[in-house]
Amino acid sequence: MNPRYILGRIGLWLSVFVIVSPAILFFLWMASLSLKFEIDNASYPPVFFPEHVAWKNYADVFASNRFLTYFTNSLVVTGCATGLAMLVGVPAGYGIARMAAHKSAIVILIARITPGLSYLIPLFLLFQWLGLLGTLVPQIIIHLVVTVPIVIWIMIGYFETTPLELEEAALIDGATRWQVFRHVALPIARPGLAVAFILAVIFSWNNFVFGIVLAGRETRTLPVAVYNMISFDQLSWGPLAAAALIVTAPVLLLTVLAQRQIVAGLTAGAVKGG
Amino acid sequence: MSSVTQVSPVAAEEAAAAREWRPPSYWPFVIPALVVVLAVIIFPWVFTIWMSLQEWKVGSPTVFVGLANYLRLPTDPRFVEAVGHTLSYTALSVLLPLVFGTLAAVVFHQKFAARGFLRGIFIMPMMATPVAIALVWTMMFHPQLGVLNYLLSLVGLPPQLWVFNPTTVIPSLVLVETWQWTPLVMLIVLGGLAAIPTEPYESAQIDGANFWQVFRFITLPLIMPFLFIAGMIRMIDAVKSFDIIFAITQGGPGSASETINVYLYSVAFVYYDLGYGSAIAVVFFLLIVALAALLLYLRKRLLWTSQLGSEA
């Protein structure tokens, strides 16, 4: 252990600390805000550790009769949009990879570049005409704009790296293409499925643009519900921060737990919806 | 695997031919997705272009007006202003994450304990729900009670009005955007660093190059392609940025932080001027494509001049 090495290590840990602290401090402050009574939240200089912890803020959010509705809405929209995307996107990624139809990626690229709002105008009119506004169907359908390209993009990448030899052997043995896909290609691509699923869930759960236009009072998802809380309780920071943390907690938990898959997916596709 | 390499050349050729042969029977796999893409991506686009040629306010009949909606754009001061806001917001939101993301990637490329876990923490800002984040930033920006002004006072700086002052609102929003999206740049550059061979570093060490020289003359040129991709993605996302701006300022104070996307929202879903809104959507998309093309062109120029330089 020469002093130069030790100095280098100290420098490294210092830089790691500096780099990670904006994220850590932000989320700690978010937690602190959510656990304080108004007196502490309105005091100057700010209080970091309150004398009395306001668990009540969380209880209030859970107890509000609408929270469960919004939570269910978010769950249904994200669940359906991700499920449908996996259902159509995984086979499509397989087909595109095997046909080497790289030009079809242009559609995905266009979808990636297009601002979410431009989908909203025509689809809003369509849903109005079909009389679907006021149900969750419009939001499920429009979330496909986010989830389908993510799934297709990631699955193309995975199926391109899986070995062809096994599939060819199965074909020679008389398996149909569907059987090859179902029993040979799909099991090998399981890590890819996890990556596509996790990213589709996160970006659909986080989506806000589609909800503010398409959601009515009864069909709000959690991000829209939180946004509407801002306009009504401008001054009660505690419950607001608690609500914000509850909305994003599942995503943060998933990020830390599935950190490896998320990093793999993001570096491969650098996908983001909306 | 070794048996494969020993088969006769004829069999190898046959195998290659089989690989080349792309039967149409893969189409059934793609068709369901094709239907979805047609319905939610292609149809909206065609419909938007058609609508942009109509005078269409919700509740009144549609009238074909040709290019009138497009001609209205340059004479609409709010739109022109929004373009300016979008460009300055985008320029800052591309450059700052590129700088910080590269520095962070260099650090995360080293080996240290709990690196995976810390990387997970580091990418939390970009994965967290934007609205939830925006809400907390709004509280932090509060001029009297916000924690940011308290932090400024600790280092002896005067308090700021942050998003409540027209001159500081865009830099303040860029601060949030940078905090949020530096991790994405870090991840892409980190991928680039992992692909760099070790030989140049070894010879640099023998030549006695210092840390900065190694970074400037070896690392930076080798990760350039990745920086370019990161910059491109960042540009596309920054131009379209909506959640953070809308949730924190709604384009205010006044219209000081109104970007094209926020203005588009107002035109289409506050004033319900759908024809004009569609024209804005089309021009907005073309602007993003134009910016992407400009970046590609600059990259070509840069490569070309550097090649000339090395040949000379």
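Chain A has 14 helices and zero strands. Read from the N terminus, its elements run α-α-α-α-α-α-α-α-α-α-α-α-α-α. Please keep in mind that this is a predicted model.

I will start with confidence. For chain A the mean pLDDT is 87, and 95% of the residues reach 70 or more. Which element of chain A has the lowest mean pLDDT, and which the highest? The lowest, 79, belongs to helix α14, residues 259-269, and the highest, 93, to helix α10, residues 190-206.

Next, chain A as a whole. Its C-alpha atoms fill a box of roughly 75 × 75 × 30 Å along the principal axes. The chain has 274 residues, and 47% of them count as buried. If you take the contacts in chain A with a separation of 6 or more, 78% are between residues 24 or more positions apart.

Now one pair of helices. The crossing is right-handed. On the α4(A) side, the residues that meet α10(A) are Ser74(A), Val77(A), Thr78(A), Ala81(A), Thr82(A), Ala85(A), Met86(A) and Val90(A). On the α10(A) side they are Leu193(A), Ala196(A), Phe197(A), Ala200(A), Val201(A), Ser204(A) and Trp205(A). Sorted by class, this contact has eleven nonpolar residues, four polar ones and no charged ones.

Let me move to where the two chains touch. How many residues does each chain put into the contact? Chain B gives 67 residues and chain A gives 75. On the chain B side, the largest share comes from α3(B), with 13 residues. By class, that side of chain B has 51 nonpolar, ten polar and six charged residues.

That brings us to α3(B) itself, which covers residues 27-51 of chain B. Several residues of α3(B) are buried, including Val36(B), Val37(B) and Val40(B).

Note on methods. Residues are numbered from 1 along each chain as its sequence is written. Chains are lettered from A and ligands numbered from 1 in the order in which they are written. This is a predicted model: local features need pLDDT of at least 70, side-chain atom pairs count only at pLDDT 80 or more; totals for chains, interfaces and linings use all residues. pLDDT is the predictor's confidence in each residue, from 0 to 100. Helices (H or I, at least four residues) and strands (E, at least two) are DSSP runs, numbered from the N terminus. The bend at a residue is the angle between axes fitted to the seven residues ending there and the seven starting there. A residue is buried if 20 or more other C-beta atoms lie within 10 Å of its own, exposed if 12 or fewer, and partly exposed in between; C-beta atoms are placed from the backbone. Two residues are in contact if their C-beta atoms, placed from the backbone, lie within 7 Å. Ala, Val, Leu, Ile, Met, Phe, Trp, Tyr, Cys and Pro count as nonpolar, Asp, Glu, Lys and Arg as charged, and the others, Gly among them, as polar. A crossing is left-handed if the near helix is turned anticlockwise from the far one by less than a right angle, and right-handed if clockwise.
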